[in-house]
Structure formats: C-alpha cells, structure tokens
Amino acid sequence: MTNRQFMLARIPSGPLTADCFHLNHGEIPRPGDGEVLLKARYISLDAANRAWMQGATYRDAIEEGTVMAGGALGEVIESRHPDFKPGDIASGDCGWQEYAARPGNNLTKQPTIEPLRHLLSVYGITGLTAYFGLLEVGQPKPGETVVVSAAAGAVGNIVGQIAKLVGCRVVGIAGSDEKCRWLTDELGFDAAVNYKAGPVYKSLKAACPDGIDVYFDNVGGDIFEAVLFQMNLMGRIACCGAVSAYDGTPPAHGPRGVPGMFVVKRLTVRGFIVSDFFAKRDEALAQLRSWVTDGRLTVFEDVIDGFENLPQALIGLLHGENRGKRMVKVG
C-alpha cells in the first residue's frame, strides 16, 4: 500500500489550475512518540486553501514541493498518544493525503455521529466560524438587517440561517439567480442579490431600504465597498475572508473614504479567525446541535467522491460551483 498525496507543484501567478498539483505515491508514515496515524475519510475544501498559496496568514504559507495543506477528518489507525486509540475519529490539519502522522496534541478527538461528514461542516470549523463570526463579532439584535456575502457558500448559508433564528432580517449576496432563489425559497432569507446581474450598490439599496446593521464579509473587494457605504450608525462588520482577492490578481484599489466614514457612522470592523473563540466551543456546538436536531438549521453539504478529484473540486469551489460545505470523500 502507498500513501496517495497531492503535492503543490507550483504556486500559481493567476487563477488556480489543475497542473499546479502533482499526485505522488509515498510511503505510509509511522507515528512517532506522541503522534497518531490518521487515515482520511473526508478532506475539507475551503477558499482559504487558495489564500495560503499567496503567503503567510494565520498559518505558514504553502511551499512548492510540499503536501497541499488542508483540514481532514479521519480514523485513527495507530496511536502513540494516550488520548487516542485505533478506531477513534479525529480531525486536524493533515493535508491532501490519505494517511498522515500528526502530534496528538494537534488533533481534535471527535464523537462518532451519523452522518460523520457533519463534523467537517456544521459541527466543524465551518459551523463554528459562522456561529462566532455572526454572534460574537457581528452581535446582531432582533429586527436588525444582516447582509452576508458568498451567502450560498459553506459559512455564508449558516450565517444567514442563524441570523434568522435570532430574529433578524437577512439579505444574501450570491453569484447567480438560481442561488438567490435557493437562499430565499429554501433557506428563508428575506432577499438576495445576484452580484453578477448588475451594479451591486443599487440592488443592495433596494433590498435593504432601512440600511445595513451587520455585514458578514466573506469576499472583500467591490462588494465590501458597496456594502460599506450603506451601513447604518453603529454598524458592525465581521471580516471572515476576502475570496475576491484569492484566485488571481488582487484588486488595484480598496474602499475609498474609509477613515471618515468609520468615524461619522461609528462603525466597528473586526477581522477574526475561529480559534479566537475556542474557549466557547462546547457551548457553540451544543447550540448548533440543538438547532439541527430541532430542524431549525438545515445542513447543506457538497460531497465530491474520490481522492483524485481534489484539485478540480477546489478549482470549482473558487468558481462558485458549490452550495454549502464542499468536501472530498476519500474512502
């Protein structure tokens, strides 16, 4: 048996293409002291995978010739760490490979639930990012207007659903009329704007006649700017990502007139990553499980079957193909 791995063959200078990756057949690693050998069941696909190629962020940049970075959910095959035993389910930054030996202290032991893939979506980094980013950073109040970009994506659709659960009016921004109908007809958003259909500012103004109180930003760029100038007094912006700048040439300019607007409107703009709030993880997971169990929060997952499909699955995600959390089922 060999360990199939996707290596980053080259860092793209423009949009990501399949030839940026190389399929390698390496040896299955043996865990050292304090390590765990994990066999991947599902590998997470996120826009952040592309951002890591551009340089160091909250983690080190990915270098050419190394295993492509990414989160995974898998089964413990062998353990030399006291907290794990064979058969346990765990998650962590294991990369695009079928087998990974990782320090047990860097893995999260997971419960065995059905479906298992929920541990990568609503009960994983995706769901927790939506939960903390909206409730802790955005701090929405009942009756306020919440706008979320990339609203049909993994984090965005959960943000919108939670905002409805806490009594807000919710407007989503997505990339097609079909996605916008899905947001309003199936997820219960109050309105949705197709940013590809015309000027976002004008469409957003029609969808938010009373302005915007909370903006959950996944994209940055021109959409951020269109939202910014419609924020209400004391508005809050939760900056989760900037996918518009990840795959290709970054935009030449940023929002204009920002300092004055922040002062005049008394805006709060806060960037965050999910680990900022891990002290409250158990509380958040309990609430998410309650909402899912009661049927008040619907889980949408976009599962691609087959390890060999990882590169194209990430490229498709960057082009907006997915609805909900995208992952690859390894086996």
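Predicted model: local features only at pLDDT ≥ 70, side-chain atom pairs only at ≥ 80, totals over all residues.

**Aromatic pairs**

- How many aromatic pairs does a search of the whole structure find? The search turns up ten.
- One of them is F6 with F307, a stacked pair with 5.3 Å centre to centre and 20 degrees between the planes.
- F6 belongs to strand β1 (residues 3-8), while F307 is in the loop between β14 (301-305) and α9 (310-318), so this pair ties together parts that are 301 residues apart in sequence.
- Are F6 and F307 buried or exposed? F6 is buried, and F307 is buried too.
- Back to W182: this residue forms an edge-to-face aromatic pair with F300, at 4.8 Å centre to centre and 75 degrees between the planes.
- That pair also links distant parts of the chain, with W182 in helix α4 (residues 177-185) and F300 in the loop between α8 (281-293) and β14, 118 residues apart.
- There's a cluster as well: ring pairs link Y131, F132, F216, F272, F277 and W291.

**Charges over rings**

- R59 lies over the face of W52, and the distance to the ring centre is 4.7 Å.
- Over at Y123, the charged end of R289 sits over the ring, 5.2 Å from the ring's centre.

**The six-stranded sheet**

- Six strands make up an open sheet with parallel pairing, and if you trace across it the order is β10-β9-β8-β11-β12-β13.
- Which strands are at the edges? They are β10 (191-194) and β13 (268-271), each pairing on one side only.
- Going from one strand to the next, the twist averages 15 degrees.
- Strand β8 (residues 145-149) runs parallel to strand β9 (residues 169-174), and five bridges join the two. If you want a spot to look at, V148 has G172 as its bridge partner in β9.
- β8 also pairs with β11 in the parallel sense, this time over three bridges. Here V147 has Y215 as its bridge partner in β11.
- β11 in turn pairs with β12, again in the parallel sense, over five bridges. V214 has its bridge partner, R236, in β12.
- Why is strand β11 (residues 212-217) described as largely enclosed by the rest of the structure? Because six of its six residues are buried.
- Helix α7 (residues 258-265) lies across β12 and β13, running at about 120 degrees to β12.

**Around Q230**

- Look for Q230 in the loop between α6 (221-228) and β12 (231-239).
- Although Q230 is in a loop, this residue is buried, with a relative accessible area of 7%.
- A polar atom of the Q230 side chain lies 3.3 Å from the backbone oxygen of A226.
- Leaving aside residues up to four places away in sequence, Q230 touches Y201, L204, K205, G211, I212 and K265.

Methods. Residues numbered from 1 in each chain as written. Heavy atoms only, no water. Helix = DSSP H or I, 4+ residues; strand = E, 2+ residues; numbered from the N terminus. Buried < 20%, exposed > 50% of the residue type's maximum accessible area, 1.4 Å probe, protein only. Polar contact = N/O pair within 3.5 Å; in protein donor to acceptor, adjacent residues only side chain to side chain. Contact = heavy atoms within 4.5 Å. Phe/Tyr/Trp six-rings, centres within 6.5 Å; stacked < 30°, edge-to-face > 60°. Lys NZ or Arg CZ within 6 Å of the ring centre and 35° of its normal. Pairing = 2+ DSSP bridges. Axes fitted to C-alpha atoms, helices over the stretch in contact; angles between N-to-C directions.
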